[in-house]
Amino acid sequence: MTRNQKISIFITGSLLLSLGACVTQKYKTPEELKADGLYRDLAQTDSATIADLPTSALFSDPQLQALIKEGIENNLDLKASIERMKSAEANLRLSKTAFLPSLNLDVNVTDNKQSVAALNFPPGININTETQLYRAQLSSAWEIDVWGKLGSAKRSALASYLQTDAAKRAVQTQLISSIATNYYTLLALDLQLKITEQTLASRIKNVEAIKELKEAGIVNGAAVVQSEANRYAAEVSIPDLKRSIRETENALNLLLGKGAGSVTRNTLEEQQDYKDLQVGLSSQLLKNRPDVQQAELAFRVAFENTNLAKTYFYPQLTLTANGGLSSLKLENFFDNSIFYSFVAGLTQPIFNKGQNKARLTSAKAAQQESYFAFQKSVLTAGSEVSNALFAYQAAVDKENSRAKQIASLEKAVDYTKELLKFSSATNYTDVLTSEQSLLAAQLSAVNDKLQKLQSIVNLYRALGGGWKE
């Protein structure tokens, strides 16, 4: 190749590369994305958020902390997400090799045999000729990334890899939330079982007391039957509570990546809820919520795929070269048997433009669809934060009223029992009503406490907390 030819190829390649920058676009987060002011009835200006807290700071229970640590180490969904990351990382490495020229070595021996009719021999007499060709060559091909085709493919692979990383972090935040939610549910069921068993013991005593009142002529047989029914109403709920406890333990163990079994735990009364619930700015969801990041990266993959589809309309510049040794005789293989060639070529699509247009239309539609999914993930995140905040406030608002309700019902039970013993101003129906109302209020108080603790967990997950462990 002459010096002028090399200069011409260099100038042509430089010109094409400068034009290629106009074909593909550089990614940036869409300006029209709605990410501000997403928290309902909350004008927040402080960027501090509990999403930055480690779980050990948010959850004070050492048993819960140990379960979360065990879950992060052994959860099977989390392990599967790590394997998906490895696969995406391999694809990313593969995409980078497309920028490098290929190099192949080919060594072969060709044996040619031909039968030729001899001119000076009788008919039917042939002469056989046989030759061998010994050949060894290196061949190389290199596609010049003129229009950004290979660059877009690499960036798409990178976004896919980062998407699996975000998915892994999303699995971890959900895992922590699920462990804490199931743990608190388990403690609530324990307390409800304890209250119900205490109530049952009290009602068994009431049955005996009502029987004594009947013998004294203060109440009739109907009161005895009602007291027995009241006793069994409490007793019949105990098996269901025990079943729920066992199922919750098994669900918690599944999150920990182990078989069904009991779970070591503390009590609901010992739980201290985290008070300083800072939520930061809603725009921070873009960097704190792994599932939102995952949605944006999916949009970025689609964006780069659109870039890639555009490049198919333009010619492909490929450099190919090969060279080696070739000889008819093995002993002359290294003597005057060198050959080589160098080819620079452009391939312009002509008759497949319909296919290229369909590819581009499909890529643009997929990009728009992924954008809508991205926007929805941001709006969903803001809605979840708002819901968790309101659920927490509702639980707090109920605490004082619920405590007063229980105190009043405890007095009502005591008063109606005393009236039943010494006065005809009441009957056992009043006692029955007050006892049933008291049990319902006590169980509701447990649910109020559970709601408050779980709303903190939900808020932590909604803000994107947990993956920074």
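Colleague: In which helix do glutamate 247 and arginine 243 lie, and how many residues apart are they?

Modeller: Both lie in helix 7 (residues 237-255), 4 residues apart, about one turn of the helix; helices are DSSP runs of H or I with at least four residues, numbered from the N terminus. This is a predicted model, in which local features need pLDDT of at least 70 and side-chain atom pairs count only at pLDDT 80 or more, while totals for chains, interfaces and linings use all residues. Residues are numbered from 1 along each chain as its sequence is written, and side-chain values use heavy atoms, with hydrogens and water left out.

Colleague: What makes the contact of glutamate 247 and arginine 243 a salt bridge?

Modeller: A salt bridge requires a side-chain nitrogen of Lys or Arg within 4 Å of a carboxyl oxygen of Asp or Glu. The N to O value here is 3.3 Å, so the pair meets the rule.

Colleague: Which parts of the chain does the salt bridge of lysine 452 and glutamate 399 link?

Modeller: The closest N and O atoms are 2.4 Å apart. The pair links distant parts of the chain, with lysine 452 in helix 11 and glutamate 399 in helix 10, 53 residues apart.

Colleague: Why is valine 107 called exposed?

Modeller: Its relative accessibility is 60%, so valine 107 counts as exposed.

Conventions: Buried means under 20% relative accessible area, exposed over 50%, partly exposed in between (1.4 Å probe, protein chains only). Helices (H or I, at least four residues) and strands (E, at least two) are DSSP runs, numbered from the N terminus.
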